[in-house]
Amino acid sequence: MLDALEERRHGKNTREELAEWLKDVNYFGTMLVYMDQADGMVSGAIHPTGDTVRPALQIIKTKPGVKRISGAFVMQKDQERYVFADCAINIELDAAGMAEVGIESANTAKVFGIDPKVAMLSFSTKGSAKGDMVTKVQEATKLAQEQAPDLAIDGELQFDAAFVPTVAKTKAPDSKVAGHANVFVFPELQSGNIGYKIAQRFGGFEAIGPILQGLNKPVSDLSRGCNEEDVYKVAIITAAQSMDN
């Protein structure tokens, strides 16, 4: 394992440093996944997110063509199921980053049997407001549509226009996503984190995740303070991701 890690790091660290890394459970577990001795890793119950994510980025790295990882939650209540992202990793996203998160979130939705209809969220719908934040979401939507023309992606959309059919008819009547969205991409971490917690606490939705998106192999980060049920469900998600890779 030490030889494989040394080869992976291309001489960026001494052999002694790498040996110390492998004494850490997250580095050891990540190497098991990298070497195909495990299909995925679940960590984070007693570690900060950075301790789970750092080894994955250094060793497993992102998929070809993907520049960043992101964190999605599957929001579930009875038969309703939605994907919210990015709610865990990227404090700020530019247009290219938001487009990438939209596409990766659609892929996550497919793992759970959701036919993705992706809404790129804003405080504006189809030019109803102006400003740099609106322009970013408009540009992100255009990039995502160009990069994944087979996906149903639209924006910029306010949440009500994305989710409520009657509102969509008024605000975005020509959209194939508005009123029917099931994947919601937030423009930055602050709104994403607030949004999923409102749905969880006010709406009674179960928040499953965060699910790390964009890695070559599945690594999942639990929330500290999670319970046994959380661990079980995130482990099932990780297994599903490994089958999809």
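The axes of helix 3 (residues 25–34) and helix 4 (residues 49–60) come within 9 Å and cross at roughly 40 degrees. Helix 3 and helix 4 are therefore oblique to each other (under 35 degrees counts as roughly parallel, over 145 as roughly antiparallel, 65 to 115 as roughly perpendicular, and the rest as oblique). The model is predicted: local features need pLDDT of at least 70 and side-chain atom pairs count only at pLDDT 80 or more, while totals for chains, interfaces and linings use all residues. Residues are numbered from 1 along each chain as its sequence is written, and side-chain values use heavy atoms, with hydrogens and water left out.

The crossing of helix 3 and helix 4 is right-handed (the near helix is turned clockwise from the far one by less than a right angle). In this crossing, N26, Y27, T30, M31, V33 and Y34 of helix 3 are in contact with D51, T52, R54, P55, A56, Q58, I59 and I60 of helix 4, where contact means heavy atoms within 4.5 Å. By class, this contact of helix 3 with helix 4 has eight nonpolar, four polar and two charged residues.

Helix 5 (residues 95–111) and helix 6 (residues 132–147) have axes that come within 8 Å and cross at roughly 50 degrees. That makes helix 5 oblique to helix 6, and the crossing is right-handed. Helix 5 contributes A95, A96, M98, A99 and I103 to the contact, and helix 6 contributes K136, V137, E139, A140, L143, A144 and Q147. The classes here are nine nonpolar, one polar and two charged residues.

A pair of aromatic rings is described by the distance of the centres and the angle of the planes. The whole structure holds nine aromatic pairs, counted when ring centres lie within 6.5 Å. Two of them are tabulated; planes under 30 degrees apart count as stacked, over 60 as edge-to-face and the rest as tilted.

| Pair | Centre to centre | Angle between planes | Type |
|---|---|---|---|
| Y82 and F205 | 6.0 Å | 55 degrees | tilted |
| F159 and F163 | 5.5 Å | 25 degrees | stacked |

Y82 lies in strand 3 (residues 80–85) and F205 in the loop between helix 9 (189–201) and strand 7 (206–213), 123 residues apart. Both Y82 and F205 are buried (under 20% relative accessible area; exposed is over 50%, partly exposed in between).

F159 and F163 are four residues apart in helix 7 (residues 159–163), so about one helical turn separates them. F159 is partly exposed, at 38% relative accessible area, and F163 is partly exposed at 30%.

Ring pairs link Y82, F84, F159, F163, F184, F186 and F205 into a cluster.

Methods
Axes fitted to C-alpha atoms, helices over the stretch in contact; angles between N-to-C directions. Helix = DSSP H or I, 4+ residues; strand = E, 2+ residues; numbered from the N terminus. Nonpolar A, V, L, I, M, F, W, Y, C, P; charged D, E, K, R; others polar. Buried < 20%, exposed > 50% of the residue type's maximum accessible area, 1.4 Å probe, protein only.
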